[in-house]
Amino acid sequence: MIKLKLGISTCPNDTYIFGAMIKGLVEHRFDLDVYMDDVQVLNKLAIDGRADVIKVSYGVVPHVMDRYKVLKAGGALGFGCGPLVVSAEDVPVESLRGNKIAIPGVNTSAFRFFKMFFGEEFEFVELRFDLIMPAIAAKQVAAGVIIHEGRFIYEQQGLKKLCDLGELYEKKFSSPIPLGAIIIRNELLEHAAEITETIRKSIRFADENYEKIEDFVRFHAQELDDSVVKNHIQLYVNKYSKDVEPAIDGLCSFLGADRSVFV
């Protein structure tokens, strides 16, 4: 058995993708030491080099390319799945300059997108992603950048969508929105192909036997409503989760890197 420190988020797309692998429902040679947390926590772990294989925001990849490479399976990207800017009032984002804007982490792709399109003339407040909408409702911030299942429930919280950052990205780059990547430590590159194939087997198992991992997914989900969990998985687990190859050229442009960063 090959010992492997694996870090993933608690979001339904990650638990769906890695559930069968973690629970031993697909055959593999890895002795997994699994750590699960919010993606911004995972970003910081990767920056510190404290995991072997870990889910990170694509926004953090340029900061860790000296120690990690990106696997071609297991990540989160696609069309129509980008972060949103929401507020209690329907106002232009530009009118909020100088105000407090909640973000899910300074290393997230979502924050990078916001700065790309609206600049930095705001007072950014870093919050865990599930605390952003409550902060808006409590008027602690003027608006927030929401990710994950937030796009499915913000209207239930009485909030207004000011902007879809993913739509802006798609129009600018004509490529899938880069949200999350699975990266592997350089010292383990000899196992990259085997890990990638194991991830793909885990996804296929989930596709065909969801009832066998459903409890695992639901236990870790921040939002337990069945329809939200289902919509989350359908949106963020797609063909690019199984093989990122068709999107690599666009991702290289976003990362300012060449194809060698993918293994």
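Visitor: How many nonpolar, polar and charged residues does the lining of the largest cavity have?

Guide: Rolling a probe the size of a water molecule over the atoms shows where empty space is left. A cavity is a set of points on a 1 Å grid over the protein atoms alone where a 1.4 Å probe fits but cannot get out, and lining residues have an atom within 4 Å of a point. Here, the lining of the largest cavity has nine nonpolar, nine polar and one charged residues. Nonpolar takes in Ala, Val, Leu, Ile, Met, Phe, Trp, Tyr, Cys and Pro; charged is Asp, Glu, Lys and Arg; the others, including Gly, are polar. Do keep in mind that this model is predicted, so local features need pLDDT of at least 70 and side-chain atom pairs 80 or more, while totals for chains, interfaces and linings use all residues. Residues are numbered from 1 along each chain as its sequence is written, and side-chain values use heavy atoms, without hydrogens or water.

Visitor: What volume does the largest cavity have, and which residues are closest to its centre?

Guide: About 210 Å³, taken as the space filled by probe spheres set on the points, with grid points joined across faces, edges and corners. Of its 19 lining residues, Val39, Ile147, His148, Leu179 and Gly180 are closest to the centre. β3 (53–57), α4 (109–118), β11 (177–185) and α10 (226–236) each give two or more residues to the lining. Those elements are DSSP runs numbered from the N terminus: helices (H or I, at least four residues) and strands (E, at least two).

Visitor: On to the rings. How many aromatic pairs does the structure hold?

Guide: A pair of aromatic rings is described by the distance of the centres and the angle of the planes. There are ten pairs here (Phe, Tyr or six-membered Trp rings with centres within 6.5 Å; stacked under 30 degrees, edge-to-face over 60, the rest tilted). Take Tyr169 and Phe173: with centres 4.5 Å apart and planes at 35 degrees, the pair is tilted. They are about one helical turn apart because four residues separate them in helix α7 (residues 165–173).

Visitor: Is Tyr169 buried or exposed?

Guide: Buried, at 0% relative accessible area, whereas Phe173 is partly exposed at 29% (buried is under 20%, exposed over 50%, partly exposed in between; 1.4 Å probe, protein chains only). Tyr169 also forms an edge-to-face pair with Phe254, 5.8 Å centre to centre and 80 degrees between planes. That pair links distant parts of the chain, as Phe254 sits in helix α12 (residues 248–255), 85 residues from Tyr169.

Visitor: Which residue lies over the face of Phe254?

Guide: Arg112, at 4.2 Å from the ring centre (the rule: NZ of Lys or CZ of Arg within 6 Å of the centre and within 35 degrees of the ring normal). Likewise, the charged end of Lys172 sits over the ring of Phe173, 5.6 Å from its centre.

Notes:
1 Å grid on protein atoms, 1.4 Å probe; cavity = no way out; pocket = protein on both sides within 12 Å on 5 of 7 lines; lining within 4 Å.
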